[in-house]
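Hi everyone, thanks for coming.

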Amino acid sequence: MYAPACRLRPLGSADFDRILELERVLFGAGAWTYGMLADELAALGRWYVVAEPAGPDAVAIYGPGPKPVVGYAGLWFDGDVAQIMTIGVDPHYQRHGVGRELLHALLERSRTLRASAVLLEVRVDNDAALALYEKAGFERIGLRRRYYQPEDVDAFTMRLDLAAARPGADGATEGPAGDGGPGDEGPSGDDPSGGGPSGGDPDRPVGDAA
Ligand SMILES: CC(C)(COP(=O)(O)OP(=O)(O)OC[C@H]1O[C@@H](n2cnc3c(N)ncnc32)[C@H](O)[C@@H]1OP(=O)(O)O)[C@@H](O)C(=O)NCCC(=O)NCCS
């Protein structure tokens with residue numbers, strides 16, 4: 001299978017238009033608006049990264065200049081657990097390991113923050129995401145009925161216990177999307193100490209896929 005080389009870097013405000021474009025493609029009616037995205041990134045404890053093509057193939061396709069963002073992901077650390085807020089990959093780049101690398105970056109960040117566990121919600125009918133998370137060791141711990149509105153779809157709550165997880169158990173390898181790290185500083189928020197704005201559910205937690 002052709003596997004595009006990608007690198008990860010912090011999500012910045014210059015990426016907003018592209019992220020919103022991907023949001024609409026990936027999440028339809030549940031897509032974040034500009035205001036929701038801006039509020040989310042400005043909130044305490046957030047950490048977001050993007051994936052962009054890198055390497056000779058990317059230069060051949062896109063030239064030497066900036067490359068398009070093909071994936072993005074983020075988490076919220078409340079001082080105890082990390083909550084995965086979103087993961088999305090451009091449909092043209094799906095099934096090439098980009099989602100796995102983004103998830104790996106979030107889990108590494110969670111370990112760095114000494115989160116005790118990583119939580120997320122995912123639609124019960126999102127087979128791709130469920131497979132991605134289960135392969136990384138997440139377990140279904142609950143069902144939230146009618147969690148996604150207006151679609152009226154249930155969500156599984158999933159949890160990965162970091163204390164019990166082996167390093168590297170999230171399945172990421174030296175893969176196509178792994179030739180760069182997002183670093184520890186970034187415009188998307190790097191304050192690990194703050195709780196979320198309300199302590200409750202995020203605006204649109206991961207899994208609100210159409
Ligand atoms: C879920 C998503 C992020 C996966 O990204 P991706 O880059 O395609 O995933 P990867 O190529 O890294 O796949 C990693 C693993 O996930 C699973 N997986 C990914 N897509 C899958 C699919 N369509 N069907 C079944 N399993 C799938 C597989 O186990 C895969 O490992 P494998 O390729 O060795 O079989 C992507 O499908 C997406 O953006 N979906 C729309 C947005 C969304 O639903 N986000 C998650 C919300 S909870």
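Let's begin with the overall layout. The chain has five helices and seven strands. Please keep in mind that this is a predicted model.

How much of the chain is buried? Of its 210 residues, 42% are buried. Now look at the contacts with a separation of 6 or more: 74% of them link residues 24 or more positions apart.

Next, the inside. The largest nonpolar core holds 51 residues, and the members touching the most others are V49, Y72, A73 and L102. Helix α4, residues 98–112, gives this core its largest share, with six residues. Let me zoom in on L102: leaving aside residues up to four places away in sequence, L102 touches V49, A51, G71, A73 and I87.

Helix α1 covers residues 16–27, so that's 12 residues, and from first C-alpha to last it reaches 16 Å, close to the 16 Å expected at 1.5 Å a residue. Which residues of α1 are buried? They are I19, L22, E23 and L26. These residues sit on the same side of α1, because they cover an arc of only 110° around the axis. And what do the buried residues of α1 pack against? Their partners are α2 (34–42), β3 (71–77) and β4 (82–89).

Conventions
Residues numbered from 1 in each chain as written. Predicted model: local features only at pLDDT ≥ 70, side-chain atom pairs only at ≥ 80, totals over all residues. Helix = DSSP H or I, 4+ residues; strand = E, 2+ residues; numbered from the N terminus. Buried ≥ 20, exposed ≤ 12 C-beta atoms within 10 Å, placed from the backbone. Contact = placed C-beta atoms within 7 Å. Core = buried A, V, L, I, M, F, W, Y, C linked by C-beta atoms within 7 Å. Arc of directions from axis to C-beta.
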